[in-house]
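Open your viewer and get ready to select residues by number.

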Amino acid sequence: MAQKIEQDVKRFRDIIRGRIKKELRKFISNTELIGKKGKEFVTIPIPQIDIPHFVYGDRQKGGVGQGEGDVGQALAPGEGKEGSQKAGNAPGEHLLEVEISFQELAEILGEELELPKIQPKGDDDLVSKKIRYTSIGMSGPESLKHFKRTYRQALKRQIMSGSYDPKRPVIIPVREDRRYRMWKDEKKPETKAVIIYMMDVSGCHTKGHYVEMADGSYKDVSEVSVGDVVACVDVNGRKKIRSGVTELFKHNVTDTVKIQTEDHLELRVTPNHRYFIYSEMDDLIVEKEAKDIGTGDLLILVNQFGKAATLPSKKIFTTAEAYLFGAMLGDGHVTVHIDEDDSQRNSRFVMITDENEERLAYYADCAHTAFNVKGIIKNISDRKRLYLNSVPLVRRIQDEMPSLIKRSRQRYIEPLIFQQPPDIRAAFLRGLFDAEGAIAAHAVEMISSSLSLVKQAKLLLSFWGIRARLNLYVQEEREIKGNKIKEGVFYRLVINSKDAITFSKEIGFGCKEKQKKLVDLVNRQGNGIDAMRSRFIPAADFKDHFGKMPSLEKIKSRLYEDGRNAFSHANIKRMMEYALTEEQRSVVYKTLSESLLICKVKAVENCSDPVEVYDFTVDKHNNYIVDGVLSHNSMGNEQKEIVRLEAFWIDTWLKSQYKNIETRYIIHDAVAREVDRETFFHTRESGGTIISSAYKLCLKMLEEKYNPSVWNIYPFHFSDGDNWSGNDTDECIKLLREQLLPASNVFCYGQVESEYGSGQFMKDLTEHLHDAENLITSKIENKDAIVRSIKDFLGKGK
C-alpha cells in the first residue's frame, strides 16, 4: 500500500510539473507568485487540475455504478432545482495552490528555457565542512545519545541474563548499554557567487515650489502626503482634473537644473525631471527632461489656480476681515508679549504703518466693521501708524493667520485664503495691493521682500486668468529724510496690458487714490490695441471645428502655415466673432476657460550645490501643477515591477547552481548607495542619473569582499537608458572594459523600456563594447519580454 501511495504522489507531482512547465511564461510575469514565497518553497496557483479521488455510492445500492437510475440523475440528495435561488451544495471551481521547492522551480525554468548548467570558477579554493553521522559507538557526549539503541541494548542484556519480567516490563539501562551517534567531517570543494543588482531612479523638485491641491489650496512640494488629492491635467483632453497621490520620494542631490521662464519664475529640479512642453509646430504636448530643455522651449502654464476646486469653499472671513488681513500682510506688524512662565499671552496689539493718513483711516473703518475694534492713528517721524489694541484680534491672527506674526521676508499667504469664495479672495488681494501695490505707466505692480508671498499672490491672481510676471531687483543702500536704508533684495509682481483690465474688474483698489489711477490705466488700455502677450493652447478638438472655416483664412495663414498654433487673446476674440455654430463657440470658450498658456523658457543653468529634493506619484494621469507649470510626476511602478519579477527568476536559477550565494543592492541617481532588498524594490529615490556612480560602488564592493579569482560575480544593471552626459557614459565604458567585465562571469544590462527613457545608454554599450563576450544587453519592453530577457542573461552558462 505504501509503495502505491508513493507512486500516486510521484504521478501527481509529475502532473504539477507538467502544468507549471506549460504555464511557465504566465507564471514568470505573475506578481502574485512572488508574494507567496517561503524560505525554500513557493506556492503556485494551478487551475484545472483533476485530482484523483474515490467515488462513493449510497449505502445498500450494491456498489458504485450499480443499481437503478438513469443517466444524468443526481446520485446524492440535496441538489437544488433551477431557479430556486438558494445556495447550492456542490463544490465550485477553485484554483489549486501547490507548494513547490525553489530547486524544482529552477529545474523547470532550466528545462523550459533550455538554460545550460553554469560552469563556475573557484572550486579548489573554497572548501565547506559538513557533519555526517556514520555509525553507533559506546562512548560520546550525552547530547548525541541514541535512546532507541540504548534501550534496545538494555532489553537484550536483561533477556539474556533472565532479569527481564514480561509481567513487569521495566527496562533500566546501565553504563555498558549506552550507545552514541558517531560522525565524521566531510570536506568538499564549494563555489560561491554574488549577485549585485543596480537600478537608476527618478527626478524631482527642491523645496519652495507650490503644488496646486484639488481643494483650491496649495502645499509646498516637501509637504505633500500620500492620500492628498492634487490638481492635474488630462493631457489628451487638455482640461484640468484631479487625482490622488500614491507615493512620496525624497533625496539629497548635488546636481540640479534651474529653469527661468519669461515670467521670471524659477524652477529648480533634478536633471532627469520631466516637464510638459508644447510643440507649437505640431500642436502637440510632449515631454522633456530638465537637462534637455533649452532657451525658447514652451512650458505649459495652467493659469487658473484653484479654478477647478473640487470641494466647496470654506467661508471663514467676511469681506472686511479678508481685506484687513491682506493689508496687514503687506504693512502690518503684530506684537505679542509672553510672560515668564508662558502661561498667559498678554500685551497684544496690531500696528499698520503708512505715509497716507487717508489710507490708515480706511483701515481703521474696516477694523471697526470687521472686528469691532477702534483704531488709534499716531504720527511716527515722517510716517503715520494705526494701532489696533485687541487681545481677541491678535489671538485670532495667531490661530488663523500665523504668517502675519512673522518678519516681512518670511511672510506668506495662508492656504486657507485660497479656499475662500472668490469675493473673499478678491478682498484679501485688494487689501494686499492697497498696502504694497502701485500703478505704473502701463501696469499694476506689487513689491515685497518675501519671495514666497509674491509667488503665492501670482498663483492667487491666476484664479481669474490674470497673468502676473515676477521680477527681482536689488535696492541699493539709500537715505530717506536722514534715515539710512540698507541695501536689500526685493521682488516685484507686474500685471501688464489687458490683464490689468481684469484686475480692475475682479479686484481693484480700496484706496481712492490708487483706484483713480487704475481707472485711468484701464481707459488707456481699453482704447489701445489688444497687446496681451499671453498665448493660449487650443482645445483638443479645436481644429475639428475651425480647421476649414473660409472666413478665418487670415487667421489660419498666421496660425497654421508658419506653425504658430497657439492663439493670442486678440485672435480668440476674432474667432468668437466668426463662430457660426454653438459647437464652434463652445470650443473657443473651452480654449479660454481652460487657460493653458505657453510660457517661454528664457534661461537654463546647471547647479552643483547639495540640496534636498522631493516628488511624488499621481495616480492615473501622472502629472501635477507646480508654481502654475504642468510637471510630470515620478514614474516607474511598472518598470520596478518588471525588475522585481526578473530578479526573482534570476535568483531562483543562480541559487540552484550555487550552494552559497549573496545578493547586494545598489540604487543610483546623481550618487549611488547600497540599500536592502525592500528599499531597492519599494522606495523611490530622486536625482540626476549618473550611472558611473553605481559602477564605482560595485567595484568598491568587489575590492572589499569578493575576490574575482574565487567568487563568481554577477552584476545586473536595470535602467531606462538615460545618463547625465556623454562624458559619464565614456567613463562607464572605461570602467566596464578595464575593471568590471574582467571581474564578472557576465555583466548584464537590462533596459526597461518606458515612454520617458531615451534608451541611449544601451546603444552606446553596443557600439563601444560589441566585442565583449561577457557583456549581455537585453531590451525589456514589458512583462511578456521577461522570459526572453532571462534567456539572454543566463543562456551562456557562465
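Begin with strand E15 (298-302) and helix H11 (451-461), which each supply at least two residues of the lining of the second largest cavity. Helices (H or I, at least four residues) and strands (E, at least two) are DSSP runs, numbered from the N terminus. This is a predicted model, where local features need pLDDT of at least 70 and side-chain atom pairs count only at pLDDT 80 or more, while totals for chains, interfaces and linings use all residues. Residues are numbered from 1 along each chain as its sequence is written, and side-chain values use heavy atoms, leaving out hydrogens and water.

Now select Leu-301, Val-302, Asn-303, Lys-458, Leu-459, Ser-462, Asp-627 and Gly-628, the lining of that second largest cavity. Its volume is about 50 Å³, and the structure holds four cavities of 30 Å³ or more. On a 1 Å grid over the protein atoms alone, a cavity is a set of points where a 1.4 Å probe fits but cannot get out, whereas a pocket is an open set with protein on both sides within 12 Å along at least five of seven lines; lining residues have an atom within 4 Å of a point. Grid points are joined across faces, edges and corners, and a volume is the space filled by probe spheres set on the points.

Lys-455 sits in helix H11 and Asp-627 in the loop between strands E30 (623-626) and E31 (629-632), so to speak distant parts of the chain, 172 residues apart.

Finally, select helix H12 (497-506), which gives six residues, the largest share, to the lining of the second largest pocket. That pocket has a volume of about 640 Å³.
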